[in-house]
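This report covers one protein model.

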Amino acid sequence: MIDRRQFIAAVPLLLSGLTARAQSEDEPPAASEPSAQTEPDASLSDVLSRAAQMAPLKAVIVSKAGQQLAARGYHGASPDTSTNIKSASKSIISAMIGIAIGKGLLEGPDQPIAPILKADLPADPDPRLARVTIGHLLSMQSGLDPLSGPNYGRFVASRNWVRFALAQDFVQDPGGSMLYSTASTHLLSAILTRVGKTSTLALARAWFAPINGFRIGAWDRDRQGIYLGGNQMAMTARSLHAFGEVYRRGGRTADGVQVVPENWVQTSFQPRTSSRYSGDGYGYGWFLKRIGGEDVRFAWGYGGQMLYIVPSRGLTVTMTSQADSPSAANGYRDRLHDLLAGIIKAAA
């Protein structure tokens, strides 16, 4: 039984769960809407001008080999407009896990999570919890019932998100197929908080400090003060782009500071599973797909928050969009992929 004050305190989080759902792999995509058509020899300027036909689009930034080719805002927004990057923040959590491993705070992706989160395990845990590793959380292969899409609301309405996530039933053994779940990356945030002995936000500010232009704005927390791993993070397109440029450079800043271990960047990009709907590969917090004839790694957030890296072309492309409507279920994400294909061709 909760009293009136507890109920009032719970309302913002409950509404967050109902109205700001995580990007979900639990919803099959609908037929794509027509995309802004690109002519065979269209210039980059032409491609980006036609992108204005896409009503949810807020900003696009294009860099090649570290040089900015374009930065454009749409529909009253700009590359400096703060946006909820939603599940694109999962790639940032992945980077932080790699940094923690490099600093010796974590052993590696094969490290079991149960000893770290022992205080929040169920009283009589399923024996399979002892087999879940950090890598399983990164690749969405924990086997636990996923808490995204239709299950996201009850996850963020729970009194303790970490305990709620760990108490879910196993729907398959750890290491099986991809089960997209924001609870997995929230457990990673809790792990970072435990081993780093401070908040995930404080760690991010310290570890990413060498990245010029990178800044995390507002970021939701659970009732225990743990920042929500993998959703509800505010950032500008320029800030997200700065992060992407670090990954394009193998974890280094423009002036050579190694922020993310280079081997972790490569490890993150290795395919470990795939989406059951799109068929796109998935590594450690990054989707993998062939777009415009090139192998692309991308972060993807609900509504169409995209960070693309095209290693073969030296391209980093960031796209932000209105965050209050789906991107997979209505075909908008595929239209963004088409836009990237046009950018790849125009920037050749």
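How many residues in the lining of the largest pocket are nonpolar, how many polar and how many charged? The model is a predicted one. In it, the lining divides into six nonpolar, seven polar and four charged residues.

## The largest pocket

The volume of the largest pocket is about 320 Å³. Its lining counts 17 residues. Nearest the centre lie Asn212, His241, Ala242, Glu245 and Arg249. Two elements, β1 (57–64) and α9, each give two or more residues to this lining. Helix α9 gives the most, with five residues.

## Overall fold

The protein has eleven helices and ten strands. It has 348 residues, and 55% of them are buried. Take the contacts with a separation of 6 or more: 66% of these join residues 24 or more positions apart.

The largest nonpolar core holds 64 residues. Which of its members touch the most others? They are Ile113, Phe155, Ile191, Phe208, Phe243, Tyr247 and Val260.

Phe155 has contacts with Leu147, Trp161, Phe164, Ala165, Ala183, His186 and Leu228, leaving aside neighbours within four places in sequence.

Helix α9 spans residues 237–248 and includes Ser239. Is Ser239 buried or exposed? Its relative accessibility is 2%, so Ser239 counts as buried. Beyond four places in sequence, Ser239 is in contact with Gly213, Phe214 and Arg215.

Gly314 sits in the loop between β9 (305–310) and β10 (315–321). This glycine is buried because its relative accessible area is 13%, and the cut-off is under 20%. Gly314 and Arg249 are 65 residues apart in sequence, yet their C-alpha atoms are 8.9 Å apart. Arg249 is one of the residues nearest the centre of the largest pocket. With neighbours within four places in sequence left aside, Gly314 is in contact with Ser63, Lys64, Ala65 and Arg248.

## Two positive phi values

Ala65, one of the contacts of Gly314, has a positive phi of about 50 degrees although it is not a glycine. Its place is in the loop between β1 and β2 (67–73). The relative accessible area of Ala65 is 56%, so this residue is exposed.

Gln232 has a positive phi too, near 55 degrees, and is a residue other than glycine. Gln232 is found in the loop between α8 (200–207) and β4 (234–236). At 10% relative accessibility, Gln232 counts as buried.

## Side chains that meet the backbone

Asp126 is in the loop between α3 (89–102) and α4 (134–138). A relative accessible area of 27% makes Asp126 partly exposed. A polar atom of the Asp126 side chain lies 2.8 Å from the backbone nitrogen of Arg128.

Ser181 is in the loop between α6 (161–166) and α7 (182–196). Ser181 has 4% relative accessibility and therefore counts as buried. Which backbone nitrogen lies 2.9 Å from a polar atom of its side chain? That of Leu147. Leu147 is also among the residues that Ser181 touches, along with Lys90, Met140, Pro146 and Ser148, not counting residues up to four places away in sequence. Leu147 is in contact with Phe155 as well.

## Pairs apart in sequence

Gln266 lies in helix α10 (residues 262–268). Gln266 counts as partly exposed because its relative accessibility is 44%.

| Pair | Apart in sequence | C-alpha to C-alpha |
|---|---|---|
| Gln266 and Tyr284 | 18 residues | 9.8 Å |
| Asp126 and Asp169 | 43 residues | 8.1 Å |
| Gly314 and Arg249 | 65 residues | 8.9 Å |

Key: Residues numbered from 1 in each chain as written. Predicted model: local features only at pLDDT ≥ 70, side-chain atom pairs only at ≥ 80, totals over all residues. Heavy atoms only, no water. Helix = DSSP H or I, 4+ residues; strand = E, 2+ residues; numbered from the N terminus. Buried < 20%, exposed > 50% of the residue type's maximum accessible area, 1.4 Å probe, protein only. Contact = heavy atoms within 4.5 Å. Core = buried A, V, L, I, M, F, W, Y, C linked by side-chain atoms within 4.5 Å. 1 Å grid on protein atoms, 1.4 Å probe; cavity = no way out; pocket = protein on both sides within 12 Å on 5 of 7 lines; lining within 4 Å. Points joined across faces, edges and corners; volume = space filled by probe spheres on them. Nonpolar A, V, L, I, M, F, W, Y, C, P; charged D, E, K, R; others polar. Polar contact = N/O pair within 3.5 Å; in protein donor to acceptor, adjacent residues only side chain to side chain.
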